[in-house]
Structures are given as structure tokens and as C-alpha cells.
Amino acid sequence: MNATVVVILALAVGTYAFRLVGPVLHGRVEIPARVQELAAAGAVVLLVALLATGALTEGGDLAGWARPAGVLAGGLLAWRRAPFVVVVVGAAATTALLRAAGVT
């Protein structure tokens, strides 16, 4: 067996083990409420960081003003509980209109 096959098998076993741990330990391990709150907050922080890096940067540089404005418009529409299609079209339209007006 070469090293690549061994690494792939190790990753496959590790992935399966992670998937198996949840059902096996369900009901046996009690996670404190504070840890659950921190995990939920951590997930939100990671999503916001991903959104910020995707919205504000392109190739390591500032993406300009049109893209962040589109993301902000989409965020506002989502906050107002607009349907998903309206959020996406609104964000894209905002970005497109600003770029058509010469804002990069």
C-alpha cells in the first residue's frame, strides 16, 4: 500500500468515527447549557467572518464599494424576512446598479 491510500483510508475512518460519535453518545453525555450557548455564538461568529471576508476582499485587496453595498442590501432584506429569492436578486441588483453607475 502506498502512502496516499493509507492517508485516504485514515481520513475515511476518522470521518466515519466523527459521524458515529453523535448517535453513540446521544443521551450519555450531557453538554452544559453554557457550552451550547458558546457553540452557537461561535457558529454565528464564523459565519459573519466568512461573510465579511467574502464581501470585502478580492484577491487580498479591497473589493470596492459595490459588493459590500450589495451584501448590506441583501442582509437588510434578509433581516426584514424577505423571501430568499428577493434577498439574492436585491443584493445582485444593488451591486449591478452601483457598478453600472461607475462605482467599483
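Is Arg81 buried or exposed? Arg81 is exposed, with a relative accessible area of 75%; buried means under 20%, exposed over 50%, and partly exposed in between, with a 1.4 Å probe and protein chains only.

Before going on, the basis. This is a predicted model, in which local features need pLDDT of at least 70 and side-chain atom pairs count only at pLDDT 80 or more, while totals for chains, interfaces and linings use all residues. Residues are numbered from 1 along each chain as its sequence is written, and side-chain values use heavy atoms, with hydrogens and water left out.

On confidence: the protein averages a pLDDT of 92, and 100% of the residues score at least 70. The pLDDT is the predictor's confidence in each residue, from 0 to 100. Confidence is lowest in strand 2, residues 61-62, at a mean of 84, and highest in helix 4, at 96. Helices (H or I, at least four residues) and strands (E, at least two) are DSSP runs, numbered from the N terminus.

Back to Arg81. Arg81 lies in the loop between helix 3 and helix 4. Its phi is positive, about 65°, although Arg81 is not a glycine.

Now the two helices on either side. Helix 3 (residues 66-79) packs against helix 4 (residues 84-100) at an angle of about 155°, and their axes are 8 Å apart. Axes are lines fitted to C-alpha atoms, for helices over the stretch in contact, and angles run from 0 to 180 degrees between N-to-C directions. That angle makes helix 3 roughly antiparallel to helix 4: under 35 degrees counts as roughly parallel, over 145 as roughly antiparallel, 65 to 115 as roughly perpendicular, and the rest as oblique.

The contact, meaning heavy atoms within 4.5 Å, includes Ala69, Gly70 and Ala73 of helix 3 and Gly90, Ala91 and Thr94 of helix 4. By class, the residues of this contact are nine nonpolar, five polar and two charged. Ala, Val, Leu, Ile, Met, Phe, Trp, Tyr, Cys and Pro count as nonpolar, Asp, Glu, Lys and Arg as charged, and the others, Gly among them, as polar.

Next, helix 2, residues 33-56. Helix 2 and helix 3 pack at about 140°, with axes 8 Å apart, which makes helix 2 oblique to helix 3. Leu51, Gly54, Ala55 and Leu56 of helix 2 meet Arg67, Pro68 and Val71 of helix 3.

Last, Gly60. Gly60 sits in the loop between strand 1 (57-58) and strand 2, and is exposed at 70% relative accessible area.
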